[in-house]
Amino acid sequence: MEEPNILVFFLVLVSCAATQRPNIVFIVADDLGWNDVGFRNPNMKTPNIDKLATEGIIFESAYVQPYCSPSRTAFMSGMFPFKVGMQHIVIGDSQAACVPLNYSFLPQELKKLGYATHMVGKWHLGFCKWECTPTYRGFDTFFGYYNAQEGYFNHTLGGYLDYRDNKLPAWDYKGEYSAYTFAQKAVDIIHQHNVSQPLFLYLPYQSVHDPMEVPVEYFNMYPSVMNQGRRTYSGMVTALDDAVGNVTMALKEKGLFENTLILFTADNGGPITSYANNWPLRGGKHTIWEGGTRGTSFMYGTGLKKTKTTYNGMMHAVDWKPTLVAAAGGTPEMSIDGISHWESIRNGLPSSRTEFIYNLDNFEPAIEGHAGIRVGDYKLIMGYPGGPDGWPEPMNRTERDIYVTTIYVEGDSPVHLYNIRDDPTEHNDLAQKMPDIVNKLKARMDDYRKQMVPADYPAPDPAANPKNFGNAWTPGWC
């Protein structure tokens with residue numbers, strides 16, 4: 001009689017451990033600028049995001065990559081993109097490339113802890129074969145798209161459908177704005193969730209990446225913005241905010257909200273040529289200036305002890321995987337670049353990260369920025385930093401702004417050095433005044449170069465042509 005009792009006791013312990021794990025919602029806002037949220041810019045209407053951010057912890061030094069695919073590589077794998085061949089621009093729609101399959105993704109780690117894992121939104125981590133796609137890399141379900149720059153209403157890229165419901169093309173959503181659809185899919189997942197199991201919901205919205213498209217009611221919310229592109233972009237941000245609000249409401253309705261941890265981050269800085277704004281930071285998407293790599297980010301929810309504050313500790317996109325695994329009660333892998341900051345974040349303690357790589361790309365032209373490193377307070381940029389440059393304010397006037405262009409050069413020169421703690425807007429180049437620091441950071445960069453994997457950036461493959469797959473972008477051609 002003792003053995004059955006022991007078994008029952010064990011099962012009760014396992015059940016209790018599962019129910020005590022937090023639900024985790026990981027939201028990625030595509031191309032959202034540093035200055036494009038209401039808690040930094042009162043002209044932006046983002047009440048749902050603002051409430052979560054100001055009642056949680058706003059990260060002031062959480063870094064991302066200057067482009068989509070590299071940042072998502074870091075989020076999912078915990079590896080610096082230059083170590084897995086994902087450092088060059090993004091994965092193209094016809095490129096036979098994906099994040100190497102020997103790397104475990106975040107949902108795979110959470111499944112080991114008993115989580116139900118769901119994804120709604122943008123993948124952009126390769127799809128040439130099914131093994132590269134979400135439901136083969138740890139997600140129980142997937143609704144979304146594989147590439148980038150789809151239409152928000154027609155869900156096509158180059159005239160071909162890029163919308164999936166798990167493995168099947170999703171043809172029935174034409175005319176429905178993607179932020180609405182993605183929010184509703186997330187709401188459905190939450191409402192249908194078995195509460196005896198912890199939930200992981202990865203929600204990388206299409207918003208607010210170009211093309212500039214938004215329902216008219218959101219466009220009309222910004223009558224004082226004279227520039228039509230900036231007005232559309234601002235409306236897209238507010239549509240994103242409503243989508244976030246719908247998800248948090250669903251969590252409350254299901255009774256999950258109080259035991260949910262929400263992480264929100266941009267995937268890169270806002271593209272200033274597409275009406276985003278990163279003021280007062282320098283540059284934007286496509287650059288390794290701070291405006292391209294310091295992401296709008298915050299955390300809200302269960303487990304956080306010190307809230308309604310900001311956190312200035314240095315963090316990088318590679319750190320979110322181990323941090324969320326630790327928050328879930330797991331043990332992060334030791335073989336990845338990421339560091340768990342869970343205890344530091346929740347208790348307001350100093351960050352254990354002291355350095356990171358902004359980018360390291362020898363595949364010419366490295367238009368997103370050739371090489372950059374941060375060690376302590378100092379940041380060294382070597383060679384082309386990406387572009388455009390400058391410190392533009394929001395483009396609210398009728399005229400389109402003209403930006404500072406940077407002439408492309410190959411190699412490691414020129415170099416720029418900044419003390420980011422004292423000069424976060426990168427106005428005071430110290431390279432000529434502090435050659436010893438320059439040489440120290442160059443030597444550290446050389447150490448990292450020894451670990452670099454050449455960029456996996458093949459020529460487009462005609463086998464990817466959607467005409468071969470019923471006019472939908474589809475895996476199975478590599």
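## A pair of strands in the sheet

V25 stands opposite L201 in β10. This is a predicted model. The pairing here joins β1, residues 23-29, to β10, residues 199-204. The two strands run in the parallel sense, and five bridges link them. Strands of a sheet pair through backbone hydrogen bonds, either parallel or antiparallel.

## Helices on the sheet

Helix α5 spans residues 178-192 and packs on the sheet. It touches β4 (116-122), β5 (141-145) and β10. Its direction makes about 180 degrees with that of β10.

Helix α7, residues 228-254, also packs on the sheet. Its contacts there are β1, β10 and β11 (260-266). The angle between the directions of α7 and β11 is about 170 degrees.

## The whole sheet

How many strands form the open sheet? There are 10, with mixed pairing. Their order is β9-β8-β5-β4-β10-β1-β11-β12-β2-β13. The edge strands are β9 (168-169) and β13 (309-311), and each pairs on one side only.

## The protein overall

The protein holds 11 helices and 18 strands. Its C-alpha atoms fill a box of roughly 80 × 50 × 45 Å along the principal axes.

Buried residues make up 61% of the 478. Among contacts with a separation of 6 or more, 71% join residues 24 or more positions apart. The protein exposes about 18,200 Å², and carbon and sulfur atoms supply 54% of that area.

How values were computed
Residues numbered from 1 in each chain as written. Predicted model: local features only at pLDDT ≥ 70, side-chain atom pairs only at ≥ 80, totals over all residues. Heavy atoms only, no water. Pairing = 2+ DSSP bridges. Helix = DSSP H or I, 4+ residues; strand = E, 2+ residues; numbered from the N terminus. Contact = heavy atoms within 4.5 Å. Axes fitted to C-alpha atoms, helices over the stretch in contact; angles between N-to-C directions. Buried < 20%, exposed > 50% of the residue type's maximum accessible area, 1.4 Å probe, protein only. Areas by Shrake-Rupley, 256 points an atom, 1.4 Å probe, with all protein chains shown as cover.
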